[in-house]
Amino acid sequence: MKTYIQQSLCTAVFLISGTVFSQQKITGIVTDNSNININPVLIINVSRHQTVFSDASGKFVIDAAENDEIRFVKEGYYRSDRKILKEDFSTSLLIILKKTEIEIPEVKIAYRPTGNLERDSKHLNESRKISGLKSDLEVYMKSPLNEPLPDNAISKTFTGHDFNAGQVDVMGVLSAAAGLFKKATKPKITKPTYNETQIFMARIRKEINFDFLRKYGMGEDEIEAFLMYADDTRQLAKKYRKDFKRYVVEADIKEAFIEYRKTNKIGM
């Protein structure tokens, strides 16, 4: 009898685990605050390291589970983050991105040029300050959240007695054990040698689909130049050569491409 109860409990735990960790698909459309579809928008499931782009109509589909954090990134727009609720799986999401606006203060010219270039140049640094301000704001808007998104839960003041209080949290124990195992087995990040970098870059070219670059008209030489930029700025070989997960590497490369487009001509 005791053995039968233990087997039943184990079966229940695995069934609950399969339900909790199962993924579904969410769909939606991304527009700006004028209800005009904008594309392509990079959609990132931050919780599961998955990425997709919205199509020409602004529509998107991405795998997700309840409480996953979904991020929407578009150059020239404020970043948007959304925590997935249970009801989001039964309806299409409407995501509205707001355009970034930087108010430039009025410049009053209090200095009259003398014609002496060395002397006059000391009084013309305002544009550099404004340029620096724009750069700092853009980096801030695309940086990770400093605080977690609030939970959509009812306050304990308005709920009844919690009959689970004092009971063993089976899912919590399983999650903690999984986290400790992952931390113990994850390889240490070290600086790659030249040969290690070349092997890693060859693996990227073989396993990552670069069709999202080719649709912008980029040839193989341009793609190669971009990959060198991505590895240099995102430290790809250093972070992933020992722990290569294709979807994680691909997401990092796509975020690097957003920055690359700002300073490089594409498809020339």
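Select aspartate 252 to begin. Is this residue buried or exposed? Aspartate 252 is buried, because its relative accessible area is 7% and the cut-off for buried is under 20%. Keep in mind that this is a predicted model. Aspartate 252 sits in helix 9. Now show its contacts. Beyond its neighbours within four places in sequence, aspartate 252 is in contact with Arg234, Leu236, Lys239 and Tyr240.

**Zoom out**

Show the whole protein as a cartoon. Count nine helices and seven strands. The protein has 268 residues, and 26% of them count as buried. Next, think about contacts between residues at least 6 apart in sequence. Of these, 61% join residues at least 24 apart.

**Helix 5**

Select residues 194–207, which form helix 5. How far apart are its end C-alpha atoms? They are 20 Å apart. That agrees with expectation, because 14 residues at 1.5 Å a residue should span 20 Å.

Colour Thr197, Phe200, Met201 and Ile204. These residues of helix 5 are buried. Look down the helix axis. The buried residues fall within an arc of 100 degrees, so they line one face of helix 5. An α-helix has 3.6 residues a turn, so residues three or four places apart point the same way.

Now turn to the face on the other side. Asn195, Ile199 and Lys206 are exposed there, on the face turned away from the buried side of helix 5. What covers the buried residues of helix 5? The cover includes helix 7, helix 8 and helix 9.

**The largest nonpolar core**

In soluble globular proteins, nonpolar side chains tend to be buried together. Look for that here. The largest nonpolar core has 22 residues. Select Phe200, Ile204, Phe210, Leu213, Phe226 and Ile253, the members that touch the most others. Which helices each supply at least two residues of this core? They are helix 5, helix 6 (211–214), helix 7 (220–234), helix 8 (236–240) and helix 9 (246–263). Helix 9 gives the largest share, six residues.

Centre on phenylalanine 226. Leave out residues up to four places away in sequence. Phenylalanine 226 then touches Leu213, Met218, Ile253, Ala256, Phe257 and Tyr260.

**Last stop**

Move to the second core. This core is separate and has 16 residues. Select Ile38, Val41, Ile43 and Tyr77, which are among them.

Notes. Residues are numbered from 1 along each chain as its sequence is written. This is a predicted model: local features need pLDDT of at least 70, side-chain atom pairs count only at pLDDT 80 or more; totals for chains, interfaces and linings use all residues. Side-chain values use heavy atoms; hydrogens and water are left out. A nonpolar core is a set of buried Ala, Val, Leu, Ile, Met, Phe, Trp, Tyr and Cys residues joined through side-chain atoms within 4.5 Å. Buried means under 20% relative accessible area, exposed over 50%, partly exposed in between (1.4 Å probe, protein chains only). Helices (H or I, at least four residues) and strands (E, at least two) are DSSP runs, numbered from the N terminus. Contact means heavy atoms within 4.5 Å. The expected span of a helix is 1.5 Å times one less than its number of residues. The arc is that of the directions from the helix axis to the C-beta atoms.
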